[in-house]
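Have the sequence and the 3D view ready side by side. We will walk through the fold step by step.

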Amino acid sequence: MVLIEAMSMGVPIAGFNVPGANEVVSHLRTALLVQPGDTKGLAASVLTMCKDKDLYQSMSNAGQKIVAEKFSAVKNAGEVERIYKQAIKGIRKGIGQDAK
């Protein structure tokens, strides 16, 4: 959630390439990811973004776009609605089978 919140505010991500993080961010598009435990690489990623304003801005823009497309409240509400409809359809189908 923290990664999504940061991207929504236009903050590019410097982090470890671990499950969860690599499902939300994209290396070289919205983040600079390094191998877990590579603290020197992590520090270098932060410095790279501080020095390269074009890279920072590009990642900032890409992150905000991804959040708007994939994680907006409207998108999430639609996904929850779809899940509920599938669940209700499954319950109704199950009830119909039990009645036979």
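Which residues does Thr-30 touch, not counting residues up to four places away in sequence? They are Met-7, Pro-12, Ile-13, Val-25, Met-59, Ala-62, Gly-63 and Ile-66. Touching, or contact, means heavy atoms within 4.5 Å.

A word on the model first. It is predicted: local features need pLDDT of at least 70, side-chain atom pairs count only at pLDDT 80 or more, and totals for chains, interfaces and linings use all residues. Residues are numbered from 1 along each chain as its sequence is written, and side-chain values use heavy atoms, with hydrogens and water left out.

Now place Thr-30. It sits in the loop between helix H2 (21–24) and strand S2 (31–34). Helices (H or I, at least four residues) and strands (E, at least two) are DSSP runs, numbered from the N terminus. The relative accessible area of Thr-30 is 1%, so Thr-30 is buried. Buried means under 20% relative accessible area, exposed means over 50%, and partly exposed lies in between (1.4 Å probe, protein chains only). The side chain of Thr-30 also reaches the backbone nitrogen of Ser-26, at 2.8 Å.

Leu-28 has 58% relative accessibility, so it counts as exposed. Its phi is near 75 degrees, a positive value in a residue other than glycine.

Next, turn to helix H4 (residues 53–70). H4 has 18 residues and reaches 25 Å from its first C-alpha to its last. That is close to the expected 26 Å, where the expected span is 1.5 Å times one less than the number of residues. At the N-terminal end, Asp-52 caps H4. A side-chain oxygen of Asp-52 lies 3.2 Å from the backbone nitrogen of Asp-54. Within H4, Met-59, Ser-60, Ala-62, Gly-63, Ile-66 and Val-67 are buried. These buried residues pack against helix H1 (2–8), S2 and H3.

How do H3 and H4 meet? Helix H3 (residues 39–51) packs against H4 at an angle of about 100 degrees, with the axes 5 Å apart. Axes are lines fitted to C-alpha atoms, for helices over the stretch in contact, and angles run from 0 to 180 degrees between N-to-C directions. The two helices are therefore roughly perpendicular. Angles of 65 to 115 degrees get that name; under 35 is roughly parallel, over 145 roughly antiparallel, and the rest oblique. On the H3 side are Thr-48, Met-49, Cys-50 and Lys-51. They meet Lys-53, Leu-55, Tyr-56 and Met-59 of H4.

Ser-45 touches Ala-14, Leu-32 and Val-34, leaving out residues up to four places away in sequence. At 38% relative accessibility, Ala-44 counts as partly exposed.

Finally, find helix H5 (residues 73–99), which holds Ala-77. Ala-77 is partly exposed, at 45% relative accessibility. Ala-77 and Arg-29 are 48 residues apart along the chain, and their C-alpha atoms are separated by 26 Å.

Conventions: A polar contact is a pair of N or O atoms within 3.5 Å; within protein, one must be able to donate a hydrogen and the other to accept it, and residues adjacent in sequence count only if both atoms are side-chain atoms.
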